[in-house]
Amino acid sequence: MADQEITLMKGNEAIAHAAIRCGCDGYFGYPITPQSEVLETLAAEKPWETTGMVVLQAESEVSSINMVYGGACTGKKVMTSSSSPGVSLMQEGISYMAGAELPALIVNVMRGGPGLGTIQPSQSDYFQACKGGGHGDYHLIVLAPASVQEMADFVDLAFTLAFRYRNPAMILADGAIGQMMEKVVLPPFKPRRTEEEIIKECPWATTGRVGMRKPNIITSLELRSEEMEIINNRIQDKYRKIEESEVRYEEFMLEDAEYAIVAFGSAARIAKKSIEVARAQGIKVGLLRPITLWPFPVKEVCKLAGQVKGILSLEINAGQMVEDIRLAVEGRIPVRHFGRLGGIIPDPDEVVDALKRLF
Amino acid sequence: MTREEIIEKGQVVYKKPTLLNDTPMHYCPGCSHGVVHKLVSEVIEEMGMTDKTIAISPVGCAVFAYKYIDVDWQEAAHGRAPALASATKRLWPDRLVFTYQGDGDLACIGTAETIHALNRAENITIIFINNAIYGMTGGQMAPTTLLGMKTATCPYGREVSLHGYPLKITEIAASLEGTCYVTRQSVHTVAAINRAKRALRKAFEYSMQGKGSNLVEIVSTCNSGWKMTPEKANKWMEENMFEFYHLGDLKDKGAEK
């Protein structure tokens, strides 16, 4: 079957191909290393001639996220991608979309910061992605792919979750996942929704007053405090529902583990190799890999605290997710962090050394 | 004669467009926004586009435009309306898409979005209310504030050495390859209102004909911000604003051929 064909490509390219295949209506982006292949691949594929997908290079990340905002208002499946400094510029638009409760996909292929930083891989935007990032009380649904295959698979999943909850979703990858080439089976082709289907699925969308229905207004503005609190409470209720229903994670060699590594994305791949090395030395260690960083697998980490003697948070940053792990563990066992900064990826042996040193 | 008798005899010479609803406007008495809202409503109605219009409101005095004109609205972040409009029009090419923005929104914080949307020849219309001041935030200096004009952030008058020059963004827009129709109008007299309405209609029609981007500037008063009576504000506008912001069409590519 043609759809099951295995191809070799970069993570960034997989994002682009998956977007076309999952019926995405529009991509709006701005070049930035290490994710420019997303826009480049889309431009080369010319999906506007096949599926009718709009692809537009904006004048800035500020503009591309606001194009996504405009497109999302109309009920279309729209997305952007960028890397850390560009995603910082997008925070205004992301906050507006969270406030106006709009579905959209933002891909962040992280590089090291702060500032212009480096173009090498990093996971230092965990806080920005998971704790709001922009102004106001809000959350994105954050998916962390650990392979090119997951880059491809999470595009459709992110859109599904975004539309299910009318909330922006983010794929939080890093330069390693974006740039590495791996085998991938691209998702099957799904046609873009027709205008009638969009209007039926998104009766709130600004599609024009089709059938002379009442005007639809998309806004995040409400000057009356009493009303604004009601809106905020409704959004918070939605977040509680997402926390209950959408936690995703992977367990690896945890059955007999005395220690656990918690790691996401690239770091989780390194963790698996470290576990192999550690077990050869008689250290029983396993991995919990959060796939959704928000909602964070709080219950699973909490449960782990009843089983293992200590948890190592392996992150390619100075220690961000470790805070969420500590909150989940509630001080019952030691939780340590190990990571490398500046775009350096830790190697499995230094992770094993860290395990030995820190516990 | 009773009201009903007059209507029966077909003698109605003027009525409020049905798209303009009865919500009391928050605009100050004497403000130009109300007149422009009415014209926009009339043109959409006359073009039969009520069920096919998607409008983008700004941050500024017109932030609540969506409360008054009964079409679908998206409320943009400050300055970003042209980006929303660009995507919306590309995703729904048969819809009438326009933004409605003030001078601070369009010519200051949103300069990049404005110029690039116009130069990409997006088939949209940008309605630009230029009253040379930030009205919503209480009368601060705008990019279009005239030299010598006093505002809350240039209380001794705008000075070149301190604040630079007022920006003629409409002239910049006219120089862009992507723009089809660029015009500067006003709504301070009946004749001017009629001209502004024709300009809006032309811009909307060009955008639906796929001729490129359109900018309709309306030189306006802000009698509250200017601290004048509405009447005096109109006179001041005629004597000062029109001298710097010349009225009339700057570009009409749609009429060529």
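Which residue stands opposite I218(A) in β2(B)? Select Q74(B): that is the residue facing I218(A). Before moving on, some housekeeping. This is a predicted model, where local features need pLDDT of at least 70 and side-chain atom pairs count only at pLDDT 80 or more, while totals for chains, interfaces and linings use all residues. Residues are numbered from 1 along each chain as its sequence is written, with chains lettered from A and ligands numbered from 1 in the order in which they are written.

Now show strand β9 of chain A, residues 217-218, next to β2(B): the two run parallel and are joined by two bridges. (Strands pair if DSSP finds at least two bridges between them; strands are DSSP E runs of at least two residues and helices H or I runs of at least four, numbered from the N terminus.)

Last stop, chain A itself. Select domain 1 (5-195), then domain 2 (249-358); these bounds come from an automatic or database domain assignment. Their centres, taken over C-alpha atoms, are 27 Å apart. Across the boundary, 25 residues of domain 1 of chain A are in contact with 21 of domain 2 of chain A. On the domain 1 side, pick out α5(A), whose four residues make the largest share.

Definitions and conventions:
Contact = placed C-beta atoms within 7 Å.
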